[in-house]
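Trainee: I am new to this structure. Please show it to me, and let us work through some questions.

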Amino acid sequence: MLSRLTRPKAVAVCALPVVALLATAAFAPLPFSVAQPGMTANVLGENKGEPVITISGAPTRDTSGQLRMTTIEATGPDADVGLGDVLDGWFRTDQAVMPRDSVYPSGDNVKEIEQHNAAQMKESQDTATEAALSYLHKKGVKVSLELADVGGPSAGLLFSLGIVDKLDGDGSGGDLTGGRVIAGTGTIDADGKVGAVGGVALKTQAARRDGATVFLVPKAECADAQSELPKGLRLVPVTTLAKTVDALIALRKGSGSVPSC
């Protein structure tokens with residue numbers, strides 16, 4: 001039948017299904033989440049009126065500077081994200097469009113996802129404590145970590161650094177921070193190995209917004225961190241807790257090797 005139509009009419013007839021498909025896509029929810037820079041919290045201080053790190057069984061130090069863990073905020077697992085949201089987020093540097101399954105466990109409801117994230121945070125806190133105390137060769141020390149309204153494992157490195165700073169600092173009476181505002185992200189295992197996380201480019205923006213001048217990033221994610229790096233923020237790639245402490249001490253003293261991306 002199309003062979004009997006004029007070319008303009010044939011094109012118009014063929015275009016109708018495409019237009020219908022685009023119209024449907026414009027209003028149908030898509031399997032994406034839109035993320036943006038989230039809150040940061042100084043693990044050496046308080047969060048919502050409560051100390052983030054509480055230590056008993058060993059003397060602690062007064063610290064200066066800040067160690068800020070970073071987060072991203074994403075549209076909820078039950079939120080409807082349409083084509084307009086995706087296109088808007090795609091072209092903005094302060095947002096990122098991410099597959100929903102990369103942000104939230106697939107197939108779970110909201111309550112189950114919240115429970116999953118809380119469990120990941122608890123496991124991260126326990127592992128961060130184990131890694132820090134193992135690095136310091138300390139036993140009989142009890143550490144309590146509290147951080148409201150945050151889930152997932154990506155604050156592990158910063159928790160470990162906070163524990164080290166409160167118990168030992170740089171090992172010679174100084175602070176790990178050198179008085180700076182230092183931010184970062186990264187998981188950590190019991191052996192002190194730093195693991196990759198998501199949303200690094202957005203986390204650098206959150207860090208700079210809240211005053212950080214140095215950002216600790218898992219080495220494998222240097223390229224992601226550099227993609228939208230805010231002016232005035234120095235990247236320090238890290239692979240282990242021990243090497244992170246060494247880098248911070250070198251940075252504070254202004255001598256020695258400080259890794260760069």
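Mentor: Start with a side-chain pair: a polar contact of 2.6 Å joins T40 and D210. A polar contact is a pair of N or O atoms within 3.5 Å; within protein, one must be able to donate a hydrogen and the other to accept it, and residues adjacent in sequence count only if both atoms are side-chain atoms. This is a predicted model: local features need pLDDT of at least 70, side-chain atom pairs count only at pLDDT 80 or more, and totals for chains, interfaces and linings use all residues. Residues are numbered from 1 along each chain as its sequence is written, and side-chain values use heavy atoms, leaving out hydrogens and water.

Trainee: Is T40 buried or exposed?

Mentor: Buried means under 20% relative accessible area, exposed over 50%, partly exposed in between (1.4 Å probe, protein chains only). T40 has 9% relative accessibility, so T40 is buried.

Trainee: What is the mean pLDDT of the protein chain?

Mentor: pLDDT is the predictor's confidence in each residue, from 0 to 100. In the protein chain, 78% of residues reach 70 or more, and the mean is 84.

Trainee: Over which residues is the pLDDT below 50?

Mentor: Where pLDDT is low, the predicted coordinates should not be read in detail. Here the pLDDT is below 50 over residues 7-25.

Technical notes:
Contact means heavy atoms within 4.5 Å.
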